[in-house]
Amino acid sequence: MTIAGGIVLIMLGAIFTWAVEFDLAGFDINVLGVILMLGGLVWLMFALYRINAARRALATNTTVVTEDPVTHQRVYEERRYDDPPVV
């Protein structure tokens, strides 16, 4: 599922809707083009949502606050989601 797949479906739908003059009994090529364009638009929106969700997942940081028992100072650490847990 990529952005390119959605764009290709939109392009094929536009070609079938406006550039092709083809008639079959009981089959409308213009309706097929509109269906392909709508499917491509849905595919494109879903691909953009997945990319945005993946970027948000990579950008999450957590702050770990611990207190040193000897000096009684607070230590702040920035951790990413893939760092090992604090023991």
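In UniProt annotations, feature names are shortened, and an annotation may be inferred rather than shown by experiment. Keep that in mind here: the unreviewed UniProt entry for this chain marks residues 29-49 as a "transmembrane region". What you're looking at is a predicted model, so let's see what it shows for that stretch.

Now zoom out for a moment. The protein chain has 2 helices and 4 strands, and from the N terminus on they come in the order α-β-β-α-β-β. Of the 87 residues in the chain, 15% are buried. The accessible surface comes to about 7000 Å², and 66% of that belongs to carbon and sulfur atoms. If you look at contacts with a separation of 6 or more, 39% of them link residues 24 or more positions apart.

Let's start with helix α1. It has 17 residues and reaches 23 Å from its first C-alpha to its last, close to the 24 Å expected at 1.5 Å a residue. Which residues of α1 are buried? They are Gly 5, Gly 6, Leu 9, Gly 13 and Thr 17. Seen down the axis of α1, these buried residues fall within an arc of 100°, so they line one face of the helix. Here's a handy bit of background: an α-helix has 3.6 residues a turn, so residues three or four places apart point the same way. Turned away from the buried side of α1 is a face that carries the exposed residues Trp 18 and Ala 19.

Thr 17 has a relative accessible area of 14%, and it counts as buried because that is under 20%. What does its side chain meet? A polar atom of the Thr 17 side chain lies 2.7 Å from the backbone oxygen of Gly 13, and there is a polar atom of this side chain 3.4 Å from the backbone nitrogen of Val 34. Leaving aside neighbours within four places in sequence, Thr 17 is in contact with Asn 30, Gly 33, Val 34 and Met 37.

That brings us to helix α2, which covers residues 29-58 and includes Ile 35. Is Ile 35 buried or exposed? Ile 35 is exposed, because its relative accessible area of 53% is over 50%. Finally, pair Ile 35 with Ala 14: the two are 21 residues apart in sequence, and their C-alpha atoms are 10.0 Å apart in space.

Technical notes. Residues are numbered from 1 along each chain as its sequence is written. This is a predicted model: local features need pLDDT of at least 70, side-chain atom pairs count only at pLDDT 80 or more; totals for chains, interfaces and linings use all residues. Side-chain values use heavy atoms; hydrogens and water are left out. Buried means under 20% relative accessible area, exposed over 50%, partly exposed in between (1.4 Å probe, protein chains only). A polar contact is a pair of N or O atoms within 3.5 Å; within protein, one must be able to donate a hydrogen and the other to accept it, and residues adjacent in sequence count only if both atoms are side-chain atoms. Contact means heavy atoms within 4.5 Å. The expected span of a helix is 1.5 Å times one less than its number of residues. The arc is that of the directions from the helix axis to the C-beta atoms. Accessible areas come from the Shrake-Rupley method with a 1.4 Å probe; for residues, only the protein chains shown count as cover.
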